[in-house]
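This briefing is meant for a reader who is meeting the structure for the first time.

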Amino acid sequence: MRHLYTLFLLLLIGLTPLYAQTQSCYQSFFQEGRKAFDALQFENAIAQFDAARACPTLTRQQQQEVTEWLDRAKNGYIDAITKAKDEAERARAQAEKAQKEAEREALISEANRRAFLANQEAEQGNKEDALALAFTGLQLIEDNPIPSVRRAFGDAAFLNYANPLTEQEGALLLARYSPNGSRILTVSRDNKARLWSAEGQLLATLQGHTAPILDATFSPDGNQVATASADNTARIWDTSGKTEATLTGHTDQVSGIVFSPDGENLLTWSRDHTARLWGAGGNLAATLDKHSAPILSASFSPDGNAIVTRGSDNMAVLWSRNGTLLTDKPRHQRHIYVAAFAPDSKSLLTCSADNTAKIWNLNGSLAAELSGSEGLVSSGAFSPDGKYILTASTDGAARIWDRKGNALKTIRAHSAWIQQAAFSPDSRMILTASWDNTAKLWDIKGNLLAVLDKHSGDVIMAAFSPDGSQVLTASTDQTIKLWDLEGNVLMNIKAGAQRPAASFSPDSRQILALAGTGPEEAILCETPEVVYAKLKMTPPPPLPKEKRERYGLDGTGN
């Protein structure tokens, strides 16, 4: 027994150094692994923990411990790689962004230079060279065009593509498009009207009146023209210029004429205090005789079932489709500026110099009085969707109302008389034009979106394009301007007329301006966007070699 005990002691004495050596191996590698882990040196930590796990005779607790730390180190290594990759990606993206920004700034600088040169060429009368410079300048930044470059191109486009309708004698009185935009109707003081193609080719001369034509319009299908004249007659014409009917019976000048929405009837009104309803063939259907003073305007309701006449006797009179009196109750204490049907034809809006506007039911009962204006209410309209009413007055304020006449917003819009106020085609924006030399864009809540402030005279006309993407203004400064909805000028048209006017074609691609070198001209011009699209397909001729060298451009003009 004593021999067995002695043998056990000898074995224990021999294993003790081996155990100590094992523990020294584990602790050494494990501690080095922890240090590397804390220093975020995950690759070294993984190597140290792997070495510690390889030490002999590890306890179960040590095996579990080193395995946990090894997993931590591996996860830390993966996270570090991912972070480094993300940082590298961010750095690369920032470098690319900085490079692109530098390239963009260089392009903008060059585009601005070419726009400046284009303007100089235009001032010198070199319109083709101005177009070449402006076009290549816009090409440089077409994905993010800037206002000065766009305007230079628009002005050069007008110089090169404006098409004056010059075969007229005497001052031009009006110009308008047919409903589909394929024809243009002009009227001048030579007692004639003229029909043109949308390209500016003269198609027909409507000759027969013996005094100035005061109004002219197309039928809804565009196949007839009606004219009203100071010779006390109106006429219906076909598009070849042949008179189909002469409407006689008025005893004073015929101030205006309009077709019914279905084209089956015509309505004329006169200084003789009457309006007259005619069949499309020219037969008299009814005489609308209720006013005690000249009739200033008349119109059919959108559904064609009612008629309103507005007189200088402070009355608006409602009539049925066949000319039967419905009511003469819509009245004001002073002059009525506006009498307009709602889009659904169920009510009438009147605006007056008595500082009020009123909403009327078609039976003549007053639905609401829109009061609060401190000046004459000279403009008013229903929104195209029929939900809102807009009024504007000489106190510089525009007011938004709901259909029931509740005031929603008063906009202190201008410092002078608001000449015109209108809704955008989608009813989401409002446009106001004032004698304070500005027009302004607002959202339907009355928040200011843009100030159109490049005119130096009264803004006497403002209109949205049919697609709602652009705005036209005309001013007593003898200019017409095309704007985007941010308030940037896209094209400037110098007019000879003291009070120019302009309109868009129904497709918004063309402008018809009563302007030009003299008041007798109408001018057609495609919008800059349309011209640019055409030039991308067929570019303008490049600059002459001498100018390319002078301006530091390559052989292609780029």
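Which residues line the largest cavity? In this predicted model, the lining of the largest cavity is made by Thr356, Ala357, Leu370, Ser371, Ser373, Val377, Thr391, Arg399 and Trp401.

**Cavities**

- The count of cavities of 30 Å³ or more comes to two, and the largest of them holds about 40 Å³ of space.
- Sorted by class, the residues around the largest cavity are four nonpolar, four polar and one charged.
- The second largest cavity, with about 30 Å³ of space, is lined by Ala118, Asn119, Ala122, Ala130, Ala152, Asp155, Ala156 and Leu159.
- Helix H3 (60-123) and helix H5 are the elements that give two or more residues to the lining of this second largest cavity, and H5 supplies the largest share, four residues.
- By class, the lining of the second largest cavity divides into six nonpolar residues, one polar and one charged.

**The largest pocket**

- About 880 Å³ of space lies in the largest pocket, and the residues lining this pocket are Arg176, Asp215, Ser297, Ala298, Ser299, Phe300, Val308, Arg310, Tyr337, Val338, Ala339 and Ala340.
- Strand E14 (295-300), strand E15 (306-311) and strand E18 (336-341) are the elements that each give two or more residues to the lining of the largest pocket.
- Seven nonpolar, two polar and three charged residues make up that lining.

**Overall form**

- The secondary structure of the protein consists of seven helices and 36 strands.
- The C-alpha trace spans about 155 × 70 × 40 Å along its principal axes, and the radius of gyration is 40 Å, whereas a compact globule of 558 residues would have one near 24 Å.
- Among contacts between residues at least 6 apart in sequence, 41% join residues at least 24 apart.

**Helix H6 and its surroundings**

- Within helix H6 (residues 528-537), the buried residues are Pro528, Val530, Val531, Tyr532 and Leu535.
- These buried residues of H6 pack against helix H4 (127-140) and helix H5 (147-161), and also against strand E32 (479-484), strand E33 (489-494) and strand E36 (522-526).

Definitions and conventions
Residues are numbered from 1 along each chain as its sequence is written. This is a predicted model: local features need pLDDT of at least 70, side-chain atom pairs count only at pLDDT 80 or more; totals for chains, interfaces and linings use all residues. Side-chain values use heavy atoms; hydrogens and water are left out. On a 1 Å grid over the protein atoms alone, a cavity is a set of points where a 1.4 Å probe fits but cannot get out, and a pocket is an open set with protein on both sides within 12 Å along at least five of seven lines; lining residues have an atom within 4 Å of a point. Grid points are joined across faces, edges and corners, and a volume is the space filled by probe spheres set on the points. Ala, Val, Leu, Ile, Met, Phe, Trp, Tyr, Cys and Pro count as nonpolar, Asp, Glu, Lys and Arg as charged, and the others, Gly among them, as polar. The radius of gyration is taken over C-alpha atoms; the globule rule is 2.2 Å times the number of residues to the power 0.38. Contact means heavy atoms within 4.5 Å. Buried means under 20% relative accessible area, exposed over 50%, partly exposed in between (1.4 Å probe, protein chains only).
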